[in-house]
Amino acid sequence: MVVEANGSQKSDEMLAGFRTVLAEFQVPDESTLTKDNEGFYVNPNKVVDRYFMHVAEIGCALLSWDVIRPAFLWKLKIVMKGMEQHEHQLSMLGKAGDCVEPFEEKESDKESREFIENKAEEFDGIPFTIQRLCELLSTPSRHYHSADKFFRALEKNINVVGTVTETGERITGTDPEEMDVDVDDSANSSGYVEQKFFIRVDELDEPVPETPKSPFSSDDT
């Protein structure tokens, strides 16, 4: 059908755009960054942030880890720093003049931030919690307004060993028996495993929605 062909073409074009931008990614100068409505920095190239939002929506990375990694590490670091600033700004609301205190990073937040950054740098593949990580990085203040709680959510989802393919199939480290969840071994998608993992470790304010099936999956059943 023409509609299906057009949809497939748009998906291919979007994926090609993501691949080009992320493959050429370089850490931007902070003077070129802009802020979103919540006060968090966003990349001057909107495609970068659009990619993480897209992964949060569909549940799979679409691209290889070596392509994603530089932008992911940058996004992780800039959002964590942004959350610390966000918390500080909220604490200063209503204060004026000499009562306004300059931002000073808490030692506990610094330790958590460095731990998370180090864990992320150690990844040798796409973490099977990539969808939740992208949700946290795309909408950090949706459920969190304190750096401590936000960092705990990140830590729980980044302190994993399981990896998945570009389309979400499990590769390593996501043994359902070790996770103590009831998962059908015949299922190739990591979505069900990932949802059960969120329920166990992440302090969600709302139920995790079902993960949409990837439009790039080869499974037609």
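Visitor: Let me pick a residue, then. Which residues does Leu22 touch, not counting residues up to four places away in sequence?

Guide: Leu22 touches Tyr51, Leu63, Val67 and Ala71, with residues up to four places away in sequence not counted. Keep in mind that this is a predicted model.

Visitor: Where is Leu22 found?

Guide: In helix H1, which covers residues 2–23.

Visitor: Is Leu22 buried or exposed?

Guide: Buried. Its relative accessible area is 2%, and the cut-off for buried is under 20%.

Visitor: How many residues apart along the chain are Leu22 and Leu63?

Guide: They are 41 residues apart along the chain.

Visitor: Let's step back. How many helices and strands are there in the protein chain?

Guide: Eight helices and five strands. From the N terminus on, the order is α-β-β-α-α-α-β-α-α-β-β-α-α.

Visitor: And what share of the residues is buried?

Guide: Of the 221 residues in the protein chain, 41% are buried. The accessible surface comes to about 12,500 Å². Carbon and sulfur atoms account for 48% of that surface.

Visitor: What about contacts between residues 24 or more positions apart?

Guide: They make up 66% of the contacts with a separation of 6 or more.

Visitor: Now helices. What describes two packed helices?

Guide: Two things: the angle between their axes and the distance between the axes.

Visitor: Which residues make the contact?

Guide: On the H3 side, they include Trp65, Phe72, Leu76, Met80 and Glu84. On the H4 side, Arg113, Ile116, Glu117 and Ala120 are among them.

Visitor: How does that contact split by class?

Guide: Seven nonpolar residues, no polar ones and 10 charged ones.

Visitor: New topic: H5. How many residues of H5 are buried?

Guide: Seven of its nine residues are buried, so H5 is largely enclosed by the rest of the structure. The buried ones are Ile130, Gln131, Arg132, Leu133, Cys134, Leu136 and Leu137.

Visitor: How does H5 pack with H6?

Guide: At an angle of about 160°, with the axes 9 Å apart. H5 is residues 130–138, and H6 is residues 147–158. The two helices are therefore roughly antiparallel to each other. Their crossing is left-handed.

Visitor: Which residues of H5 and H6 meet?

Guide: H5 brings Arg132, Leu133, Leu136 and Leu137. H6 brings Phe150, Ala153, Leu154, Asn157 and Ile158. By class, that contact has seven nonpolar residues, one polar and one charged.

Visitor: How do the axes of H2 and H5 cross?

Guide: At roughly 130°, and they come within 8 Å. H2 and H5 are therefore oblique to each other. H2 passes H5 in a left-handed crossing.

Visitor: Which residues make the contact of H2 with H5?

Guide: From H2, Phe52, Met53, Val55, Ala56, Glu57 and Ile58. From H5, Ile130, Gln131, Cys134, Glu135 and Ser138. The classes are seven nonpolar, two polar and two charged.

Visitor: Back to Gln131. How far apart are Gln131 and Met53 in space?

Guide: 9.2 Å, C-alpha to C-alpha. In sequence they are 78 residues apart. Gln131 counts as buried, at 5% relative accessibility.

Visitor: And Asp148, what does that count as?

Guide: Partly exposed, at 37% relative accessibility. Asp148 is in helix H6. Its C-alpha atom and that of Ser108 are separated by 8.2 Å.

Visitor: Last one. What is the phi of Leu62?

Guide: Positive, at about 70°, although Leu62 is not a glycine. Leu62 lies in the loop between helix H2 (46–58) and H3. Leu62 is buried, with a relative accessible area of 5%.

Key. Residues numbered from 1 in each chain as written. Predicted model: local features only at pLDDT ≥ 70, side-chain atom pairs only at ≥ 80, totals over all residues. Heavy atoms only, no water. Helix = DSSP H or I, 4+ residues; strand = E, 2+ residues; numbered from the N terminus. Buried < 20%, exposed > 50% of the residue type's maximum accessible area, 1.4 Å probe, protein only. Contact = heavy atoms within 4.5 Å. Areas by Shrake-Rupley, 256 points an atom, 1.4 Å probe, with all protein chains shown as cover. Axes fitted to C-alpha atoms, helices over the stretch in contact; angles between N-to-C directions. Parallel < 35°, antiparallel > 145°, perpendicular 65-115°, else oblique. Left-handed = near helix turned anticlockwise from the far one by under 90°. Nonpolar A, V, L, I, M, F, W, Y, C, P; charged D, E, K, R; others polar.
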